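Here's a quick briefing to read alongside the model. Grab the sequence and the 3D view, and let's go through them topic by topic.

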Amino acid sequence: MDATESGDAETWERGSSGDGAAFGLIFDRHRARVFRHAYRLLVDTHDAEDATAIAFLELWRRRGSVRLIEGSVLPWLLVTTTNTARNLTRSRRRYRALLDALPHGEHHRSAEDVALSDELADQRLAEALARLSPPDLHLVTLVMIEGYSPTDAAPVLGLSAGTTRTRLHRARTALREHLGHPTLDLYLQATLGEPS
């Protein structure tokens with residue numbers, strides 16, 4: 001966490017009191033990070049933009065109850081984005097199930113299908129993350145994707161340090177079973193050929 005991220009307290013106090021310019025500053029400060037987080041979870045630009053917009057809408061709507069962590073609203077935004085992404089994924093899954101239930105003729109791969117096949121590795125990762133329980137997913141997104149230490153993530157999620165370590169171990173085991181790699185970094189390096 002850098003100095004900018006931990007310096008939201010004063011700006012947030014003004015923004016949550018109705019100062020639109022201060023709220024805009026919070027948006028400008030964290031929008032890119034929230035979008036990247038949403039994209040990692042959803043693997044779709046439009047869905048990630050929707051999740052980002054929903055997270056900031058929720059930040060405004062629930063401004064009276066938002067908890068700053070070390071003076072920053074970013075952890076709250078990341079957890080809210082994770083929940084939003086999970087809801088969008090469930091919605092997308094229901095929509096696909098509905099489409100799959102409709103009668104189909106013979107399928108020919110479109111140019112879009114061919115282009116999307118490059119994203120299979122990301123989809124596999126998204127599927128593996130979707131299998132985690134919500135508390136484990138929150139922990140994985142904060143620690144393994146966003147780079148927070150387990151100690152910093154624990155108060156954001158309302159967990160003790162011991163519980164955080166236990167859940168993180170369980171989540172890593174589940175990801176290793178599904179992806180075949182002990183960490184997301186190794187999985188991404190093996191499938192995408194570049195560090196995450």
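A nonpolar patch sits on the surface, made up of Tyr95, Leu98, Leu99 and Leu102, with about 390 Å² of accessible area together. Bear in mind that this is a predicted model, where local features need pLDDT of at least 70, side-chain atom pairs count only at pLDDT 80 or more, and totals for chains, interfaces and linings use all residues. Residues are numbered from 1 along each chain as its sequence is written, and side-chain values use heavy atoms, with hydrogens and water left out.

**The surface patch**

- Patch members have over 30% relative accessible area and no salt bridge; nonpolar side chains (Val, Leu, Ile, Met, Phe, Trp, Tyr) are joined within 5 Å, like charges within 9 Å.
- The areas come from the Shrake-Rupley method with a 1.4 Å probe, and for residues only the protein chains shown count as cover.
- Leu98 belongs to helix 4 (residues 74-101); helices here are DSSP runs (H or I, at least four residues), numbered from the N terminus.
- With a relative accessible area of 52%, Leu98 is exposed (exposed is over 50%, buried under 20%, partly exposed in between, using a 1.4 Å probe and protein chains only).

**Helix packing**

- Helix 4 and helix 7 (residues 134-145) have axes that come within 10 Å and cross at roughly 125°. Helix 4 is therefore oblique to helix 7.
- For reference, axes are lines fitted to C-alpha atoms, for helices over the stretch in contact, and angles run from 0 to 180 degrees between N-to-C directions. Under 35 degrees counts as roughly parallel, over 145 as roughly antiparallel, 65 to 115 as roughly perpendicular, and the rest as oblique.
- The crossing of helix 2 past helix 3 is right-handed.

**Salt bridges**

- Side chains of opposite charge can pair when their charged atoms come close. The cut-off used is a side-chain nitrogen of Lys or Arg within 4 Å of a carboxyl oxygen of Asp or Glu, and the count comes to seven salt bridges.
- Arg14 pairs with Asp19 at 3.4 Å, N to O. Arg14 is partly exposed at 37%, and Asp19 is partly exposed at 28%.
- Arg40 bridges to Glu146, with the closest N and O atoms 3.3 Å apart. This pair links distant parts of the chain, 106 residues apart: Arg40 is in helix 2 (residues 20-42), Glu146 in the loop between helix 7 and helix 8 (150-157).
- Glu146 is buried at 9% relative accessibility, whereas Arg40 is partly exposed at 35%. Arg33, Arg40 and Glu146 are linked in a network of salt bridges.
- Asp136 meets Arg170 at 3.0 Å, N to O. Asp136 lies in helix 7 and Arg170 in helix 9 (residues 161-179), so this pair ties together parts 34 residues apart in sequence.
- Asp136 is buried at 5%, while Arg170 is partly exposed at 43%.

**Positive phi in the loops**

- Val43, in the loop between helix 2 and helix 3, has a phi near 55°, a positive value in a residue other than glycine. Val43 is buried, with 11% relative accessibility.
- Glu70, in the loop between helix 3 and helix 4, has a positive phi of about 50° and is not a glycine either.

Notes:
Helix = DSSP H or I, 4+ residues; strand = E, 2+ residues; numbered from the N terminus. Left-handed = near helix turned anticlockwise from the far one by under 90°.
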